[in-house]
Amino acid sequence: MSFNISEFQSKVSQLGLSRDNLFILRITPPSSMNTIVDSRDLIFFCKSVDLPGINLDLVDFQRAGWGKTEKMPSGLPYDQLQAIFMIDSGFKVKAFFHRWMQSIVNYDSSNLNGAYQGMRPHQIAYKDKYVGTIEVIVYSYGSESVTYVYKFFNAFPTNMGNITTSWENNDSIMTVPITFSYDSFVVDGMGESELYQGDTTEYSSLGGTVGPIISQLPIIGSITNAIDKFTSILKIF
């Protein structure tokens with residue numbers, strides 16, 4: 001079929017095109033975090049955000065054990081969330097992320113007898129104390145009521161990037177790149193899941209069944225007990 005410019009223009013006019021500058025990033029920080037700025041204000045200081053893609057982990061697979069190699073999915077790792085924030089004149093945005101990072105690992109070693117939120121210098125907090133939720137809401141150019149939402153759960157900053165300052169940057173705005181990690185996410189484009197009605201033992205990342213493996217667990221347990229008893233006897237001698 002040949003390309004028809006009129007048909008192309010008609011479809012673009014009918015469906016419209018999205019703009020990549022209509023978005024907000026909203027952070028719900030951990031409740032235990034000691035903040036000096038309302039996290040809702042951060043909406044106005046997020047300059048850009050890279051929406052994570054979806055990349056499958058692949059392994060080589062030979063159907064007959066030899067010959068042509070095929071690709072099979074073995075997992076779905078999550079890309080990290082990258083964002084850039086403008087820094088306000090009072091440096092509260094910068095302090096927000098400094099304190100969030102400090103609530104994960106207390107990097108203040110100026111007082112070795114001190115503690116921050118109960119953590120001694122270089123002590124690491126429990127994960128439930130420093131994770132929050134991040135939402136990225138993308139708006140339609142045609143209507144602000146039409147949105148596409150990403151929601152990231154158990155999110156926390158893993159990197160607060162370098163800030164370059166220079167005498168010659170008279171008209172530049174100070175920014176800081178922040179990298180977030182998260183456990184899971186949902187996005188409006190996902191298909192809606194329904195209650196699974198099948199055999200719960202038939203679940204495998206390779207598309208097969210783990211039922212036979214589960215059925216062998218009692219045998220494996222018996223072997224483990226026998227090994228433990230044999231080890232105890234050896235200790236006597």
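A: We'll go through salt bridges, then aromatic rings, then a surface patch.

Q: What should I know before starting?
A: This is a predicted model, with residues numbered from 1 along each chain as its sequence is written. Local features need pLDDT of at least 70, side-chain atom pairs count only at pLDDT 80 or more, totals for chains, interfaces and linings use all residues, and side-chain values use heavy atoms, with hydrogens and water left out.

Q: OK, salt bridges. How many are there?
A: The count is 5 salt bridges. A salt bridge here is a side-chain nitrogen of Lys or Arg within 4 Å of a carboxyl oxygen of Asp or Glu.

Q: Why would such side chains pair at all?
A: Side chains of opposite charge can pair when their charged atoms come close.

Q: Which residue does E135 meet?
A: E135 forms a salt bridge with R26, at 3.2 Å from N to O. The pair links distant parts of the chain, 109 residues apart: E135 is in strand β6 (residues 132–139) and R26 is in strand β1 (residues 23–28). Strands are DSSP runs of E with at least two residues, helices are runs of H or I with at least four, and both are numbered from the N terminus.

Q: Is E135 buried or exposed?
A: E135 is buried, at 18% relative accessible area. R26 is partly exposed, at 31%. Buried means under 20%, exposed means over 50%, and partly exposed is in between (1.4 Å probe, protein chains only).

Q: What about D60 and K71?
A: Their side chains also form a salt bridge, 2.7 Å from N to O. D60 lies in strand β3 and K71 in strand β4 (residues 70–75), so the pair ties together parts 11 residues apart in sequence. D60 is exposed at 54% relative accessibility. K71 is exposed too, at 55%.

Q: And K127? Which partner does it have?
A: K127 meets D183 in a salt bridge, 2.7 Å from N to O. K127 is in the loop between α2 (92–104) and β6, while D183 is in the loop between β8 (175–181) and β9 (184–187). They are 56 residues apart. K127 is partly exposed, at 35% relative accessibility. D183 is partly exposed, also with 35%.

Q: Switching to rings. How many aromatic pairs turn up?
A: The whole structure has 13 aromatic pairs. Rings of Phe, Tyr and Trp (its six-membered ring) pair if their centres lie within 6.5 Å; planes under 30 degrees apart are stacked, over 60 edge-to-face, and the rest tilted.

Q: Why is the Y130 and F156 pair called edge-to-face?
A: Their planes are at 75°, so the pair is edge-to-face, with ring centres 5.2 Å apart. Y130 is in the loop between α2 and β6, and F156 is in strand β7 (residues 147–160), 26 residues apart. Y130 is buried at 9% relative accessibility. F156 is buried at 15%.

Q: Which residues do ring pairs link into a cluster?
A: The cluster holds Y78, Y148, Y150, F152, Y182 and F185.

Q: Last topic: what makes the nonpolar surface patch?
A: I54, L56, L58, L76 and Y78 make a nonpolar surface patch of about 490 Å². Patch residues have over 30% relative accessible area and no salt bridge; like charges are joined within 9 Å, nonpolar side chains (Val, Leu, Ile, Met, Phe, Trp, Tyr) within 5 Å. Accessible areas come from the Shrake-Rupley method with a 1.4 Å probe; for residues, only the protein chains shown count as cover.

Q: Where is L56?
A: L56 is in the loop between β2 (46–50) and β3 (57–61).
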